[in-house]
Amino acid sequence: MVSADVVIAGGGVAGLLLASALGPKCSAILLEQHNSIPRSKYWLTDISAVQRNPWLRSCVDREYDFMDFVSYDGLVATVKGNYCLWDTDHLLSRLEEDARSAGVIILTGHTLYSYSQQRDAIIVRANSKEIKAKLLIDCMGFGSPIVGAKGIAKIKGYYIVHGCEVGVKSNVRPIGLDNVMINERPSFFELFPTSKGTAHTAIILPSRIHKPNRSLQTELRFILQKSHYSQQICCVDGPNRKSYFGIVPVGRLRTPALDHILFFGEAGQVNPAASATGLTRMLLVYKELANGIESSLAQNALSRRDLLRSIPDYMSRMNRIFQERLFESLLRFDSDDFRTLVVELRDYPDEIVNDLIFAKFSFGPMKSLRLAGDAILRPRGVVGKHLVKSFSRIMKS
């Protein structure tokens with residue numbers, strides 16, 4: 001039997017962030033079920049995530065000072081801000097190198113399939129190995145067998161994502177969301193140009209079920225090859241083209257910790273798992289979480305109650321509820337509803353929009369009054385209305 005202070009399950013960005021932070025503090029083993037570290041995602045964050053982690057700045061591929069949000073009829077809201085597109089390969093390689101250098105053992109091709117509790121430890125089974133640890137950190141997301149078996153997650157729906165990297169012509173604008181194709185239940189297209197003459201493109205469908213009765217791949221191919229975007233795309237297919245696919249559950253954990261088990265990442269952030277919000281929040285809190293874990297290990301205080309005290313606030317409760325309300329609205333949106341949202345984004349100050357995107361809104365009196373007043377002036381609006389509903393939900397709970 002192998003022993004370690006910590007077992008981290010999941011070799012994505014969440015697992016590697018914690019492994020790189022915990023490696024110098026304790027003995028750790030990272031388990032990844034795939035035969036290599038998965039690199040099938042791309043991430044956009046705001047600048048604060050980079051400022052909090054200056055040693056990772058070289059892993060940023062490109063920065064933008066605006067993003068476009070576009071309705072089906074071409075109405076554009078240009079939101080200004082400080083946005084960072086990360087180089088996935090560089091970021092994951094850097095984190096993996098940092099973790100290995102700190103002594104973390106990384107076992108790829110190892111699937112965590114069961115565990116058992118002891119009085120002061122947890123026994124983790126992965127392939128033929130049994131690993132005795134003080135703490136298991138689950139970074140596998142809502143697809144985790146532990147999350148599923150324990151009924152820990154409350155799922156509200158899913159973001160279904162199909163995407164690929166394509167060649168683009170010069171001067172392509174970053175697209176936050178574009179409802180290219182009018183629909184009763186619209187999908188949304190995004191495009192983020194890289195520094196290499198390519199762009200990450202994806203089509204995203206908010207859905208209550210994870211198997212929608214429509215072909216998102218067909219919709220994406222139409223947008224890239226036949227819509228007005230085809231004039232900006234110079235290469236769609238190729239032997240080295242990266243493809244992206246994901247079914248991202250949206251919801252919250254009923255508890256972010258159990259005895260000797262802590263959740264971090266897609267599930268642990270307890271937030272609708274939009275990619276921009278997700279990595280931003282993880283980069284802002286993972287070092288603080290690592291310090292809390294180190295303290296818990298030193299005191300052998302690893303019960304559920306102890307671990308809950310070690311977990312920093314990923315975001316305020318109000319931001320979390322507001323994000324949930326907005327996702328619930330997206331599930332019911334038609335194309336005209338999204339157009340209404342674009343109209344609002346054109347009128348709101350950029351600071352407010354960015355704080356809402358990245359779940360950093362302060363909900364102070366002045367800003368809240370601005371949105372509450374908007375809810376009165378725009379009875380069919382989106383943002384202000386959901387602020388009022390979020391306040392109402394908090395007051396009732």
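A cavity is a set of points, on a 1 Å grid over the protein atoms alone, where a 1.4 Å probe fits but cannot get out, and its lining residues have an atom within 4 Å of a point. Grid points are joined across faces, edges and corners, and a volume is the space filled by probe spheres set on the points. The model is predicted: local features need pLDDT of at least 70, side-chain atom pairs count only at pLDDT 80 or more, and totals for chains, interfaces and linings use all residues. Residues are numbered from 1 along each chain as its sequence is written, and side-chain values use heavy atoms, with hydrogens and water left out.

Two cavities of 30 Å³ or more are found. In the classes below, Ala, Val, Leu, Ile, Met, Phe, Trp, Tyr, Cys and Pro count as nonpolar, Asp, Glu, Lys and Arg as charged, and the others, Gly among them, as polar.

| Cavity | Volume | Lining by class |
|---|---|---|
| Largest | about 90 Å³ | two nonpolar, three polar, five charged |

Residues lining the largest cavity include Asp61, Trp86, Lys196 and His200. Around the second largest cavity, the lining includes Met181, Phe188, Phe189 and Ile223.

Contact (heavy atoms within 4.5 Å) involves, among others, Leu16 and Leu17 of α1 and Leu91 and Leu95 of α3. The contact residues divide into eight nonpolar, one polar and two charged.

Conventions
On a 1 Å grid over the protein atoms alone, a cavity is a set of points where a 1.4 Å probe fits but cannot get out, and a pocket is an open set with protein on both sides within 12 Å along at least five of seven lines; lining residues have an atom within 4 Å of a point. Helices (H or I, at least four residues) and strands (E, at least two) are DSSP runs, numbered from the N terminus.
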